[in-house]
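Subject: Structure for your files

Hello,

Please find the sequence and structure below. My notes on the strands and their pairing follow.

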Amino acid sequence: VPARAKVSVRVYTYPEGGNIYLDRAYRGPSGVTIQLPYGTRGTVSCQMFGYAEGTAAIAFDGSMESLSCPMIRLGGCVEDIKNPYDKCPPVSHVAP
């Protein structure tokens, strides 16, 4: 690979819809293609409201054409409101 050649890697978030950062610089929404000189390495982070930030190592050396940055949904427990998606304490029904 020529010294000045650039390598492209397409970066996705899981779930879809997050924003992509490379070494803390915003690069675009999920599905963005990042092109950098051969041999460049860094850390991709992904963010989306309601999810914990995800990270993944990225290398522009031809070893990857795409990269997935996984995020974990934050719990949404609110007192006295039933949430069918998270393991929340039981809703208490106390008569007034």
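How many bridges join strand β1 to β4, and do the two run parallel or antiparallel? The model is a predicted one, and in it β1 (residues 6–14) is joined to β4 by six bridges, with the two strands running antiparallel. Within this pair, serine 8 has glutamine 35 of β4 opposite it.

The sheet around β1

β1 belongs to an open sheet of three strands, ordered β4-β1-β8, in which the pairing is mixed. The edges are taken by β4 (32–37) and β8 (66–70), each of which pairs on one side only. On average, and ignoring direction, neighbouring strands of this sheet are turned by 30° against each other.

The strands around β2

Strand β2 (residues 19–22) pairs with strand β3 (residues 25–29) through four bridges in the antiparallel sense. The two make a hairpin with two residues between them. In the turn, aspartate 23 has a positive phi of about 50°. Leucine 22 has alanine 25 of β3 as its bridge partner, and tyrosine 21 is partnered with tyrosine 26, also in β3.

β2 has a further partner in strand β5 (residues 40–47): four bridges join them, and they run antiparallel. Which residue of β5 stands opposite isoleucine 20? That residue is cysteine 46.

When you look at the side chains, recall that in a regular strand they alternate between the two faces of the sheet.

Regards

Notes: Residues are numbered from 1 along each chain as its sequence is written. This is a predicted model: local features need pLDDT of at least 70, side-chain atom pairs count only at pLDDT 80 or more; totals for chains, interfaces and linings use all residues. Side-chain values use heavy atoms; hydrogens and water are left out. Two strands pair if DSSP finds at least two bridges between them. Axes are lines fitted to C-alpha atoms, for helices over the stretch in contact, and angles run from 0 to 180 degrees between N-to-C directions.
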